[in-house]
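Trainee: I would like to know how the words used for a structure are decided. Could we go through some of them?

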Amino acid sequence: MLGLKLPTDPRWVDLVEKNIDEILTDHAYCEQKAASTAISLIVNFPEYPDLVTEMVALSREEMGHFKMVHDRIIARGKTLGRYRKDEYVIALMKFFPKGGNRTTQLVHRLLYAALIEARSCERFRLLSEQLTDKNLADFYHKLMISEAGHYTMFLKFARQYGDREEVDQKWQDLLVYEAEIMKDLGKKETIHG
């Protein structure tokens with residue numbers, strides 16, 4: 001369903017399991033960044049009312065997810081760790097050339113967002129199926145469903161605003177590029193890396 005060209009090595013879950021506090025901190029910041037992305041799309045592309053409406057709802061949902069993850073951190077007797085850069089997203093954002101007209105810029109941002117959500121969905125599925133902490137596994141199962149919806153929404157908007165054939169080709173090219181990135185990642189207790 002997700003179209004990812006390289007699945008995550010299942011051993012990644014073993015790494016996560018040994019570093020739950022680290023993954024929760026990274027996850028919290030991923031949710032915060034997702035909310036920021038939604039707000040940025042509103043600010044930069046206000047001429048698309050259907051997109052704005054969905055991004056308002058998404059920013060609320062993502063901040064709700066941030067709170068849920070933060071609550072889990074606090075319940076574990078920890079505090080939110082320091083922010084760190086997401087190597088995956090930094091590498092991914094180098095794929096499309098900068099510039100272009102507004103529609104091209106929007107389509108590229110939507111495709112990036114779709115792929116980030118797809119990879120998150122795939123990772124949450126692994127966590128939901130393999131974590132020994134069943135409560136945390138259930139938590140990730142619910143979030144997996146949500147991420148799948150976000151992935152399809154971003155891809156739908158990209159196809160709606162851009163030329164469908166061109167968008168689909170860019171999507172396939174981006175998936176191939178992302179698989180190359182993933183060959184060097186999956187060795188850290190982070191959601192994407």
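Mentor: What follows sets values against definitions, one term at a time. This is a predicted model, in which local features need pLDDT of at least 70 and side-chain atom pairs count only at pLDDT 80 or more, while totals for chains, interfaces and linings use all residues. Residues are numbered from 1 along each chain as its sequence is written, and side-chain values use heavy atoms, with hydrogens and water left out.

Trainee: Why is Thr 8 called buried?

Mentor: Buried means under 20% relative accessible area, exposed means over 50%, and partly exposed is in between, with a 1.4 Å probe and protein chains only. Thr 8 has a relative accessible area of 7%, so Thr 8 is buried. Thr 8 is in the segment before H1; helices are DSSP runs of H or I with at least four residues, strands are runs of E with at least two, and both are numbered from the N terminus.

Trainee: What does Thr 8 touch?

Mentor: Contact means heavy atoms within 4.5 Å. Leaving aside residues up to four places away in sequence, Thr 8 touches Arg 119, Glu 122, Arg 123, Leu 126 and Met 182.

Trainee: What makes Thr 190 buried or exposed?

Mentor: The value for Thr 190 is 13% relative accessibility, so Thr 190 counts as buried. Thr 190 lies in the segment after H7. Not counting residues up to four places away in sequence, Thr 190 touches Trp 12, Ile 23, Asp 26 and Arg 123.

Trainee: Why does Thr 103 count as partly exposed?

Mentor: Thr 103 has 30% relative accessibility and therefore counts as partly exposed. Thr 103 is placed in helix H5 and touches Tyr 48 and Tyr 161, not counting residues up to four places away in sequence.

Trainee: What makes a set of residues a nonpolar core?

Mentor: The set must consist of buried Ala, Val, Leu, Ile, Met, Phe, Trp, Tyr and Cys residues joined through side-chain atoms within 4.5 Å. The largest nonpolar core here has 61 residues, and Leu 51, Leu 110, Leu 111, Leu 131, Tyr 140, Phe 154 and Trp 171 touch the most other members. Among the elements that give two or more residues to this core are helix H3 (49-75) and helix H5 (102-130). Leu 51 touches Phe 45, Leu 106, Leu 110, Phe 157 and Tyr 161, not counting residues up to four places away in sequence.

Trainee: Why are H2 and H6 called roughly parallel?

Mentor: Axes are lines fitted to C-alpha atoms, for helices over the stretch in contact, and angles run from 0 to 180 degrees between N-to-C directions. Angles under 35 degrees count as roughly parallel, over 145 as roughly antiparallel, 65 to 115 as roughly perpendicular and the rest as oblique. The axes of H2 and H6 cross at roughly 25° and come within 14 Å. H2 and H6 are therefore roughly parallel to each other.

Trainee: What about H5 and H7?

Mentor: The axes of H5 and H7 come within 11 Å and cross at roughly 50°. H5 and H7 are therefore oblique to each other.
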